[in-house]
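Hi everyone, thanks for making time for this. I'll walk you through one protein, from the overall picture down to a few residues, so please have a look at it while I talk.

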Amino acid sequence: MDKETISLLEWGAEALHISLSPQAFRTLFLYIDELQRWSQVFNLVGRHDAKTIIRKHILDSLAFSHILPWQGVFADLGSGAGFPGFLLAVAGPEREVFLIEARRKRANFLKQATRKTGVENIRVFEGRAEEFAQQDRRPTWFDTVVTRATWDIAHFLSLSFPIVKEGGYAVAMRGPHKNGGGAAGENHPSHGGFTQKALGEYRLPFGEGDRYALFFRKKCFT
């Protein structure tokens with residue numbers, strides 16, 4: 001990893017007020033190397049130069065990290081190349097993070113990246129989110145379910161409902177104009193057993209723009 005790329009990640013984390021240990025930085029560089037190696041064969045992230053990966057994917061996931069709990073059991077639905085779940089695990093070692101990915105090549109990458117980096121608080125499940133909800137070996141309930149995938153809100157909440165504990169959160173990362181509308185366009189007061197509780201907004205460094213995350217809290221039924 002060249003010095004300019006290393007500095008980009010360090011400056012980006014500082015701009016986001018994210019404190020990462022030296023070990024976390026080393027883990028991220030190993031992860032980037034592995035992602036680039038796989039992306040030479042499989043289209044995991046589109047452009048896969050290190051600077052683009054950092055600016056558009058890693059810093060987005062790190063910026064999102066600080067508005068989530070720093071501990072608990074997490075699920076990342078449709079994890080893809082590990083955004084945001086892999087980064088949430090690296091930034092918060094007290095989080096137990098399950099990466100749920102239906103596409104085999106991406107699931108295999110996540111497993112290999114976890115082995116290569118030695119991150120111990122990640123578990124990878126290859127399969128659909130609906131199938132994961134039926135697994136005997138999964139945690140009974142999750143504190144937080146997140147996604148950076150392209151599902152609409154209604155579908156994401158329907159996938160989250162069986163696995164989020166009562167009072168837990170389903171959190172959807174969105175871009176500034178996701179699906180033709182900004183944050184206000186998805187500001188549903190309630191939906192399918194969830195109530196929208198918060199809108200987390202953040203700005204990415206290096207001119208990458210504003211982002212937001214919708215927080216839905218699962219209703220308590222007892």
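Let's begin with what I'm calling a helix or a strand: helices (H or I, at least four residues) and strands (E, at least two) are DSSP runs, numbered from the N terminus. With that in hand, find the loop between strand E7 (194-204) and strand E8 (209-218), where Phe206 sits. Phi of Phe206 is near 60°, a positive value in a residue other than glycine.

Before going further, some housekeeping. This is a predicted model, where local features need pLDDT of at least 70, side-chain atom pairs count only at pLDDT 80 or more, and totals for chains, interfaces and linings use all residues. Residues are numbered from 1 along each chain as its sequence is written, and side-chain values use heavy atoms, leaving out hydrogens and water.

Okay, the big picture. The protein has seven helices and eight strands. Its C-alpha atoms fill a box of roughly 55 × 40 × 30 Å along the principal axes. How does the radius of gyration fit with a compact globule? For 222 residues, such a globule would have a value near 17 Å, and the protein has 17 Å, so the two agree. That radius is taken over C-alpha atoms, and the globule rule is 2.2 Å times the number of residues to the power 0.38.

Next, who's inside and who's outside? I say buried for under 20% relative accessible area, exposed for over 50%, and partly exposed in between (1.4 Å probe, protein chains only). Buried residues make up 53% of the 222 residues.

Is His17 buried or exposed? Its relative accessibility is 74%, so His17 counts as exposed.

One more backbone feature while we're on loops. Phe83 and Pro84 are joined by a cis peptide bond, with omega at about 5°. You'll find Pro84 in the loop between strand E1 (72-77) and helix H4 (85-91).

Now for helix H3, residues 50-65, which bends by about 35° at Ile58. The bend at a residue is the angle between axes fitted to the seven residues ending there and the seven starting there. H3 is mostly covered, with 13 of its 16 residues buried.

Ser65 belongs to H3, and it counts as buried because its relative accessibility is 0%. Which residues does Ser65 touch? Not counting residues up to four places away in sequence, they are Trp70, Leu88, Ala91 and Arg95. Contact here means heavy atoms within 4.5 Å.

Let's follow that last one. Arg95 lies in strand E2, residues 95-101, and at 1% relative accessibility Arg95 counts as buried. Leaving aside neighbours within four places in sequence, Arg95 is in contact with a list of residues including Ser65, Trp70, Phe74, Leu88 and Asn121.

To finish, let's zoom back out to contacts across the whole chain. Among contacts in the protein with a separation of 6 or more, 66% are between residues 24 or more positions apart. That's my tour, so over to you for questions.
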